[in-house]
Structures are given as C-alpha cells and as structure tokens.
Amino acid sequence: MEENKEELTLIIEGMTCAACVFHVESAISKLQGVSKVAVNLITEKARLTYIPQISSIPDIKLAVRKSGYSAHTENKLAPEYGITAKRLKTLRLKTVISALLTTTLILMMYVPIFENFLGHQKHYVFFIITSIIIFGCGKDFYLSALHSLRNKTTNMNTLVSLGTSVAYGYSTLLTILIFLDMQNSSSHTYFDMASIIITLVLVGRYIESRMRKQTTDAIRSLVNTAPITATVLRDNSEVPILADQIIIGEIVIVYPGETIPVDGIIITGVSMVNESMLSGESMPVTKKATENVFASTINTGGKLTIKALSIGSDTVHARIIQLVEEAQESKAPVQRFADKASSYFVPIIIASSIITFALWLILPAGLQVEKAIISSISVLIIACPCAMGLATPTAIMVTTGIAAKSGILYRDAATIEMSSRVNTIVFDKTGTLTLGVPEVIEIITSGLHSQESLLTFAASIESESEHIIAKAIIKKQTATNTPIPLAKNVTIEIGKGASGFVDGHFIQIGNWGYVNKLDSNKTPPFNELNKHLAQVYISIDNNYAGNFVLNDQINPRAIETVQSLKKMGIEIYLLSGDHKTVTENVGQKVGIKNILSSKLPHEKLEFIKYLQNKNHIVAMVGDGINDGPALMQAEIGIALNNGSDMAIEAAKINLNNTNLLNCANSLSLARYSLKKIKQNLFWAVSYNITLVPIAAGALYSLTADIPIPYLLTGLINDNGLLNPIAAAAAMGFSSISVIANSLTLKRFKLILHQENNK
Amino acid sequence: MKIPWFKKGTTNLSEDLVCNMMVEINNPPGGKVIFNSMTYYFCAPGCKIEFQKDPIGYISGEKHNPM
C-alpha cells in the first residue's frame, strides 16, 4: 500500500496550548491509515501522511472536530501562516467590547455616585453586563472547554472557563438570593472578577496572537516573493498570464524590476539578478545567456528571455519553502516532552484547585467560604500551560525563518537542538574551504623572460581555449590590467596544451610532454609543495621559459569562518583526500592545525566515528556530493550546495555555497535558539511552580496580618489572598513574555563577510 | 550561409564543424584543435572555443551552429 500514501496539510483552528496540540495529534493518529502526524501550534497546521482509501480527508476533519477543534484544507494559492487576519480582527473586536463593558462595570461598582444611583438594583445590572461579557466575548473559551470535556480532555480554556464560572456562578447565586430577599443586598458579588478575568485573558490572547504572527514573518516573506503573473511568448507575441499557467519549455519574458517566475535558462539578455531570497547574499549576480536563473529572484538589470525548466512546486524556491515548513512543523525532542507534560498539567491544576478549596474549608481558621472561592479561582486562572506549549515552537519558528532568509536550511527542529551541542567541526577541503576552482598561485620563470611577460603570452594563447586552467591564467592576467595581445594561428590539442604566435614568438603552453616535445628526457623543475600541485609549462620559441603553479582557490571566507568557529570554542579538523603538503598548505592558510590528509571516503567515515567514540559531537562540512557517508555519520552534516540543489538528503543543514561563514552562523544561531528555548521553558515551569502555590494561599500567613496598601489591593486582596484579577494578568504576561523572548531571536547578528578582511 | 573562401585547384579544405563553413587547412583563420589525434580547423576563434565545449557533440554531428 506504500504507493497509495498521500501527504496532507490541514489548518487547525482553536488551538491555544500544547495540550491542544497533543489532543489533535492523538485524535488524528487514532485513525487507521494515518501516519506521521505533526501538529504545530504556531503555524496552526497539521501535516500528516494518510492512505485515502482507508481514511478520507472528511474522516480526518471529523476526527479533529470531535476532539474540539476545527480543520480545513489549505488553500494552495495563498498559504496561510498562523492566525488569519480575519480571526485577529474578530478577536480584537471582542477584546475591545469586553474591555469597555468591564470598565463600565468597575465604574458602577466602585464609584459611589453610580452605586448610590443604582441602589440595590445594582446587582441585576452587574449580572446583565457580566453575562454579556461572558457569553458574548468569552463564548469561545466556554465552547472550547465544552468540546474538550466531551472528549474527556482538558486545555487552557478549561481553566479559564472553570475559574470564571465559579466567580460568575457564585455571584449569580447571590443575586438570585438577593432577588428572593433571602440575602442582604449589601453582600459582595464577584461579577467584576469574572469580567476582568475574561477581558485580561482576551487582551493577553490578542497580544499573543499578534506576536505569534510575527514569529512567522520570515517564512511569510519568503513565500510572498513568488510572482502571481508572468509574461510568456506565445505565437510571437507577449502574453500576460498567471504564473501557475506557465508550461515547461515555454519562453518567459522578464522585464527589469520583475520577479522571475520559473527556474530556467537565459536564452537572450544580460542582467543583474538579486538572488538574496535563495542565498541570503544581498549583492546581485550578473547573469547572461546559457546561465540558470531561479524562481522568485529579482531581475534588477535588463530584459531577459528565459526558457522555463521547472515550474510551480518543482522550483528551487518552492523546495526551500517546503523544507523550511517541514522543519518548522517538526518537533524538537524537548518539545515532545513539554506537550505530554501539558496534557497532564490541566487535570493536575483542577485537582489543586479543588484541594485548595477543601483546605480553606477544613483549616483551623474555620469555614472560610469566601477565601476558599477566591483562592481556588486564582489557582485555576494563574496556571498557564500555554507558556510551556509556546516555549519551543515560537523559538524554532523564529530561528528557521531568519535562518532561511540567510541561506541556512535546518532539516528539522531536532537539528537545531543537536547543532547547539556541536563541539567539533570537520571540514572536507575541496569545495568547502577551497572553491574547487584552480587559481595561479605562482609563476616560475627560467630567467629568460619576466613573470609578467610569461603571463601575457600565456593569456594570449589561452584566451582561445575553454580549459579550466586556461581560465585561471586569464583571470590572473586580467587582474594585472594590462591588455592581452591577439594570438595568431592558435592550435589547441585537447588534453595536452595549446600553441600559437604572439608578437612573432611561437608560444607553447601545456603539460611537460607537450612543451618539451623534442627533449622528453628533461625533468621539470619542482619544489616540495609544487610537486603535488597542477603545473602548466610554457615555452617561447621552443625554449622552456617557465611554469605556472596552480592550486585550488581558497574560499575567500574560509579564514573568517575558522576564526569565528574558534571563538565559539569549537575544535576544528581538516580532512582531505589530497596529498599531505597540499592539505597542509590549505590548513595553514586558513588557520586549522588538526589536519588529516590522503583519506579515502571510508577513512573519513572512520575518523568521524573515532571522534564520536571520544564523546565529540561532530558536525561535518562537505560539498554533499562525495562526502555522503561522512555527512550521514556525523551528528550534524552540513552540505554546501550551489543554488540549484539546496536540499541534499544526507545533510541536516544545507547552506548556499556562496557563504561559507554560514557554517559558523548555523551553529551559533542554533546555540542562541536553544538558549532561548531553555530560558522559555525555565520561565514557564518556574512561573507555574511559584505562582500556583501563592495563588492557593501559601503566603497567607505572611500577608494576612499586615495592612495591604491601597495601591496593592489589585494584587493582593484585603483579606491577604492573591487577587484572581492579578492572577489573570500574570497568566497573560507569562505567555506574552515567552513569545517576546523568542522574538528577541530576531536580533541575532549573523557573522558577515568583511570585504577588506583578507 | 556564406560562400566559403574558394581557390580554384586547391583541395586542402576542411569543414568547420561548428558553423559548417569550409576552411583552408594551411592557414585556418580560427586556428586548429587537435582532439584524439585528429585535427579540426576553424573559421574563427569563436567557433574554436565553441568546439572545445563539446568536441564529441560536434564531431558526431549531433551539434552544429550554422551562422
């Protein structure tokens, strides 16, 4: 049945805390044919694999609805992240109405003029206003709590509903008794308490929702870069169409300032293209005919005609987004624990509240119904499972978002957690610390000609060659800013060399055998390092004139990368299949002391295992092509990719190869992120551990006998107990502070390349 | 297609495999490329550079860029 499995993403509404996540996950998981369920509180999405023949989409939606939440399928054209604008607006409206009504209520209750004006009718007015607040603005809390109750589960809303119902129920009962003249009309009711709690929780939830939306800013801005319309060439005329109607192979026209809608190859035109959304590099790249361009990059220069090669979800940009989404919806091991703990949390709090109530009744202080009610309400209200539920996902969300924008793709949340613990990094040489492109590092002359003239002669001949070494020689010459004379009668012998006439001299460039055709017994001049490097020899008028020594070009950011990693206290190794002298030369240049050379792929793997046995947590950096096994073996495999292939399976972290510094950035961002997660969890747990007992009245013996200053009565009632209103504010503050702390991750400073830092 | 440079009585002409022009092998304007011991002649350096990118493609006739 493997081939029938399909993936599905549902938008889940109504989740407020980690316990909700747990309930939705278990409701869906219980269905047959459904596997790999991951529910995310922040994106409000459930991602799952299912077999349509066994469980259909309506079945899954029904299961979610039965668990007390609602589910709908995602709109592919306009994917949503987190709370929708419409829901945010509704929430704001409810919050404002609730706040206005509550203010009116407080004025009536505590300003003597109103109180006198209303007389003993006041309780009925309070009852009406509070009922509007509870059943109008706070309706969702009660509905959600009821849904959960029906499924024998609990969540954040259960606590809010219980707490406010106790206050509201008790006050309503008093009002009825007053109405029936069975109670003195001067009795104190708690309508204000219920209203203020609902208002504060609404305010808290509104701020929280807005902030949660901010945590998905980065991913949203990444998604929104895809253009909606495009211009294609059909029957020799330019036709504007919707971007998703482009056919593979079609010619797309992109004018300056427009966003490229497809991955393709340039047919005509030269332009500067801003690829920052893929690579994180802000400098536009020059692109000309036969070069590849990618969807969602911006054409900042001239008009381009592009042949579409990949469209829609097959483009590099779409694959990156998918990878980021998967990472955001995955769960860090630390979060699985928090989710599970949260599902037990609410029942424990309800039990604590009942115990608190009972204790206040049976304690030696006597039958203190009022104190029992107040403290049990406080316990219910102050407990905040939300903070625990939000601790990890908010941080992961912000982290993956800013990482993706900088060209770093984490495979999942567990990768971030593991990356933060990396203490050893192993670099492969070619394609990472070096660019894998040769450069001329030395020109040796036999003494007959100057280095400059050798270079000019060579460049002149090589300008008609396509060889990679020819390009290195021309690059070296171009840097000198002297003109290249025109060569005549150039003959290229593929695999050997090239010859021709420059300024009347017969020049030959190539391997030793090619240049010394007549005297092949001669041996080329060497030094210890050069022996293992590529050499190109040059002869002028059939006399050996010198040679060019080429080496793999050092990545311009290698030195900074190594320095940054050292600053982080990470042990660095260089592992290469190349010869000792060559590897050591590179190691020395970039500042790595631990060097292992002449290693075959399986020996690289063994070395990683060796480090792991010595309790190192290893990150391996490779180009992802020939380091597969070592990348897999390391705790964190970091693959440097070129723009077209940003998702190498073997790697846990994929980086764009234009910025090696992201090796250091990816690890330091992960460390920072985990620091935030730990702070969040510590805060959430210690908040509950400290404040729940205080709410229950643990400090009563301290506060009972001291006079409470008037200003502090909002915090502590005149009877020495925590004011349930303060409890509601504290709860909101707790969630908000966790999100705010996660949002500070946005301030993370990436290590940037210093142009003048050579 | 341009008319190839043609000299009466000479037979030492070769085809530029990139643009299909005929080139005199004694003095090819674009020079020569020796590949697998065979020599190929070109009308201009541009054709020669093009040829080096995919010699087998041009030799097999799979590829050609008529001007």
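**Exercise 1. Describe the hairpin formed by β5(A) and β6(A).**

Step 1. Two residues lie between β5(A) and β6(A) in this hairpin, and D235(A) in the turn has a positive phi of about 50°. Strands here are DSSP runs of E, at least two residues long, and helices are runs of H or I, at least four long, both numbered from the N terminus.

Step 2. Strand β5 covers residues 229-234 of chain A and strand β6 covers residues 237-242; six bridges link them in the antiparallel sense. Two strands count as paired if DSSP finds at least two bridges between them.

Step 3. Within this pairing R234(A) stands opposite S237(A), and V232(A) stands opposite V239(A).

The model is predicted: local features need pLDDT of at least 70 and side-chain atom pairs pLDDT 80 or more, while totals for chains, interfaces and linings use all residues. Residues are numbered from 1 along each chain as its sequence is written, chains are lettered from A and ligands numbered from 1 in the order written, and side-chain values use heavy atoms, without hydrogens and water.

**Exercise 2. Compare the radius of gyration of chain A with that of a compact globule.**

Step 1. For 758 residues, a compact globule would have a radius of gyration near 27 Å, but chain A has 35 Å. The radius is taken over C-alpha atoms, and the globule rule is 2.2 Å times the number of residues to the power 0.38.

Step 2. The C-alpha trace of chain A spans about 125 × 65 × 55 Å along its principal axes.

Step 3. Chain A holds 26 helices and 26 strands.

**Exercise 3. Characterise the interface of chain A and chain B.**

Step 1. Eleven residues of chain A are in contact with 14 residues of chain B, where contact means heavy atoms within 4.5 Å.

Step 2. The two chains bury about 1,000 Å² between them, 56% of it on carbon and sulfur atoms. Buried area is the accessible area (1.4 Å probe) that two parts lose on being put together, summed over both. In chain A, the residues losing the most area to chain B are E464(A), E466(A) and I494(A), together 52% of what that side buries.

Step 3. One salt bridge is counted between the chains: the side chains of E464(A) and K48(B) meet at 2.3 Å, N to O. The rule asks for a side-chain nitrogen of Lys or Arg within 4 Å of a carboxyl oxygen of Asp or Glu.

Step 4. Strand β17 (residues 488-493) of chain A runs parallel to strand β3 (residues 32-35) of chain B, joined by three bridges. E493(A) has I34(B) as its bridge partner in β3(B).
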